[in-house]
Every structure is written in C-alpha cells, then in structure tokens.
Amino acid sequence: MCRNITELRGLEPPATADEVQAAARQFVRKISGLRQPPATVDEAFETAVREVAASVHRLLDALPARRQPPSTVPPLRRPEVRARVTG
C-alpha cells in the first residue's frame, strides 16, 4: 500500500476534486515509478491520472456512507501543505 495516499471516503466535507486528483497522481507515480514523466510519455501519464481520478469519483459515489471519518487528515487539508501548494 502506498503510504502517501490517504483515505478519501467519509471525509466531511466530502473529498474535493483536487484531493481526488492528488491521490490519483500519487497512485500513477507509484505504479509507474516516475515522479516527473519525460515528455515522450507525458500524455500517457496524464491520461492515466485522469482515468484513475474518474474511477475514484465513481467508486466514492457508489460506496455507502462511513460511520466514522478516516483517522488521518488528507494532505490538502493540512495548513502547512495548503500553504506550500498555494504559496
């Protein structure tokens, strides 16, 4: 399991498109072994990120509600990460 991907199911408020996109990107990076894909495979990499994100959205929409929220706060909801991303 990739330790950098956090649970998105059961968040309040629900996971945002940015959070789903970030998780999809981390997943594709992990399985491809590429942090920054070379230009020759950039389109394939971005297509994979879009497809994974779409699958995650469908999955989260289909799952029943959780009784308890996830035990960890997703990175994009942490103030220090948000400051880094927006600043």
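Reader: Which residue does Glu-43 meet in a salt bridge?

Author: Arg-50, at 3.1 Å, N to O. A salt bridge here is a side-chain nitrogen of Lys or Arg within 4 Å of a carboxyl oxygen of Asp or Glu. Arg-50 has 45% relative accessibility, so Arg-50 counts as partly exposed.

Reader: Before I go on, what kind of model is this?

Author: It is a predicted model: local features need pLDDT of at least 70, side-chain atom pairs count only at pLDDT 80 or more, and totals for chains, interfaces and linings use all residues. Residues are numbered from 1 along each chain as its sequence is written, and side-chain values use heavy atoms, with hydrogens and water left out.

Reader: OK. How many salt bridges by that rule?

Author: Four. One of them pairs Arg-66 with Glu-7, at 2.4 Å, N to O.

Reader: Where do those two sit?

Author: Arg-66 is in the loop between helix H2 (42-62) and helix H3 (79-86), and Glu-7 is in the segment before helix H1 (17-32), so the pair ties together parts 59 residues apart in sequence. Arg-66 is partly exposed, because its relative accessibility is 28%. Glu-7 is partly exposed as well, at 42%.

Reader: And what does Arg-25 pair with?

Author: Glu-46, with the closest N and O atoms 3.0 Å apart. Arg-25 lies in helix H1 and Glu-46 in helix H2, so this pair ties together parts 21 residues apart in sequence. Glu-46 is partly exposed at 21% relative accessibility.

Reader: Switching topic. How many helices and strands?

Author: Three helices, zero strands. The pattern along the sequence is α-α-α. Helices (H or I, at least four residues) and strands (E, at least two) are DSSP runs, numbered from the N terminus.

Reader: What share of the chain is buried?

Author: Buried residues are 20% of the 87 residues. The chain exposes about 6500 Å², and carbon and sulfur atoms supply 55% of that. Those areas come from the Shrake-Rupley method with a 1.4 Å probe.

Reader: And what box do the C-alpha atoms fill?

Author: Roughly 45 × 30 × 20 Å, taken along the principal axes.

Definitions and conventions:
Buried < 20%, exposed > 50% of the residue type's maximum accessible area, 1.4 Å probe, protein only.
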